[in-house]
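Subject: Structure handover

Hello,

Here is the structure that I said I would pass on. Please open it first, and then read the notes below it.

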Amino acid sequence: MTQYLFQPTQASVAIADTEQRLAVRRIICVGRNYAAHAREMGKDPDKEPPFFFYKPSDAIQDNNAHIPYPPLTQNLHYEIELVVAIGKAGQNISIEQALEHVFGYSVGVDLTRRDLQLNAREMGRPWDWGKGFDKSAPSSAIQPVAKVGHPSAGRIWLAVNGEVKQDSNLSDLIWSVPEIISTVSQSIELQPGDLIFTGTPEHVGPVVVGDVITGGVEGVGEITVTID
């Protein structure tokens, strides 16, 4: 029997209205999946196919998390997102069958060290240090599909200290959830416990110590994060 010198704690996220938790395998994030956000980041959404980056699985944090302001940055940004939780393995999944692989949905915040991300982008380097830091992926509890269905429209919003900063609709996604799942599965085999952060609307911006982030996706849930 194999023995491991160090056994890391299994990353997980709550499942709504149960004592169960979903073990998190990978966190896959879609870059610039709302046209207005792509433009505010200086890109043309009409000319770019979807692209992806990872966060480590242990970046996941439960709702109502208190997250320390991370090191190495002077420009920590919020990004509200619909999160897709995969519940059925698959590779080369068709768009028509993609939703069969979804276990549920949650509301996530992709915290970003924007200065590190932009510096890396300008130098042609990976975004890892800007995106994949500790506690950078807070999420509300997963709502199973049986409860919420498959949201394709509905308000997505974020506020800082009660002031609304992001306010859009899931119908504004450039690449829909089925298209995202299908595209990802052409490159890697999706497995239960994979989370896909589907992209953020326009008006991302900074937070500082003491700020309280709230946000939500209509029909899915709400999230609260405090920056300590």
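Gly 216 has its place in strand S17 (residues 212-217). Helices (H or I, at least four residues) and strands (E, at least two) are DSSP runs, numbered from the N terminus. Before going further, note that this is a predicted model, in which local features need pLDDT of at least 70 and side-chain atom pairs count only at pLDDT 80 or more, while totals for chains, interfaces and linings use all residues. Residues are numbered from 1 along each chain as its sequence is written, and side-chain values use heavy atoms, with hydrogens and water left out.

Gly 216 counts as buried because its relative accessibility is 1%. Buried means under 20% relative accessible area, exposed over 50%, and partly exposed in between (1.4 Å probe, protein chains only). Leaving aside residues up to four places away in sequence, Gly 216 touches Ile 80, Val 107, Arg 155, Ile 156, Trp 157, Gly 221 and Glu 222; contact means heavy atoms within 4.5 Å. Gly 162 is 54 residues from Gly 216 in sequence, and their C-alpha atoms are 13 Å apart in space.

**Nonpolar cores**

In soluble globular proteins, nonpolar side chains tend to be buried together. A nonpolar core is a set of buried Ala, Val, Leu, Ile, Met, Phe, Trp, Tyr and Cys residues joined through side-chain atoms within 4.5 Å. The largest one here has 39 residues, and those with the most contacts inside it are Val 84, Tyr 105, Ile 181, Ile 196 and Ile 213. Ile 181 touches Val 84, Ile 86, Ile 93, Ala 98, Val 102, Leu 190 and Ile 196, again not counting residues up to four places away in sequence. A second, separate core has 17 residues, including Ala 11, Ile 27, Ile 60 and Ala 85.

Helix H2 (residues 114-122) has Arg 114, Asp 115, Gln 117 and Ala 120 as its buried residues. Among what covers them are strand S7 (76-78), strand S10 (112-113) and helix H3 (128-131). After H2 comes Gly 124, with a positive phi near 70 degrees.

S7 and S10 also belong to an open sheet of three strands, in the order S10-S7-S16 and with antiparallel pairing. S10 and strand S16 (205-206) each have a single partner strand and stand at the edges, so one side of each has no neighbour in the sheet. Two strands pair if DSSP finds at least two bridges between them; S7 and S10 are joined over two bridges. Leu 76 stands opposite Arg 113 in S10.

**Aromatic rings**

How many aromatic pairs does the structure hold? There are two. Rings of Phe, Tyr and Trp (its six-membered ring) pair if their centres lie within 6.5 Å; planes under 30 degrees apart count as stacked, over 60 as edge-to-face and the rest as tilted.

The ring centres of Phe 51 and Trp 127 are 5.6 Å apart and the planes are at 85 degrees, so this pair is edge-to-face. Phe 51 lies in strand S4 (residues 51-55) and Trp 127 in the loop between H2 and H3, so the pair ties together parts that are 76 residues apart in sequence. Phe 51 is partly exposed, at 23% relative accessibility, whereas Trp 127 is buried, at 17%. Phe 53 and Trp 127 form a tilted pair, with 5.5 Å centre to centre and 55 degrees between the planes. Phe 51, Phe 53 and Trp 127 form one aromatic cluster.

Regards
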